[in-house]
Amino acid sequence: AQTLESSEKDLKAARAVLQTGNYGWTLAIAYNSMLQAGRALMFRSGFRPKGEYKHLAVVKFAAEKLRRESSDLVKLFNKARKRRHRVVYEAQETVSKSEAEAVIGQAEKFLAVVKVEIAKK
């Protein structure tokens, strides 16, 4: 439950940062919302991400768990993961307002799907 709350808080923060015009950071926060939702899904299923590639482990778990319902959404989650990495670590990437808004929308949908999946348990 705490991880889902973190996801919701990150989504709210991403919307607020969007208003400042810092679109790269908006994307990073919206991605983190997706990551927290994915982690909540893992935790609820009794798993924890391990190893060097924890973010990728969460994406792969979500892909397996949400296969039928949301394969396109999971692909967008992975795309946001890669994009966030470039924005945060390579720092030369620019993010447009429309791209930042799109990732927020994806995070909202992903969180909703995860909540439905968790409620099934």
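Mentor: Start with burial: a residue is buried under 20% relative accessible area, exposed over 50%, and partly exposed in between, using a 1.4 Å probe and protein chains only. This is a predicted model: local features need pLDDT of at least 70, side-chain atom pairs count only at pLDDT 80 or more, and totals for chains, interfaces and linings use all residues. Residues are numbered from 1 along each chain as its sequence is written, and side-chain values use heavy atoms, leaving out hydrogens and water.

Thr3 has 13% relative accessibility, so it counts as buried. Its place is helix H1, residues 2-18; helices are DSSP runs of H or I with at least four residues, numbered from the N terminus. Leaving aside residues up to four places away in sequence, Thr3 touches Gln36, Arg39, Ala40 and Phe43. Contact here means heavy atoms within 4.5 Å.

Now helix H4. Asn78 lies in it. With a relative accessible area of 19%, Asn78 is buried. Its side chain joins that of Arg81 in a polar contact of 2.8 Å. Such a contact is a pair of N or O atoms within 3.5 Å; within protein, one must be able to donate a hydrogen and the other to accept it, and residues adjacent in sequence count only if both atoms are side-chain atoms. Asn78 also touches Leu56 and Val59, again not counting residues up to four places away in sequence.

Val88 sits in helix H4 too, which covers residues 67-90. Its relative accessibility is 32%, so Val88 counts as partly exposed.

Note on methods. Helices (H or I, at least four residues) and strands (E, at least two) are DSSP runs, numbered from the N terminus.
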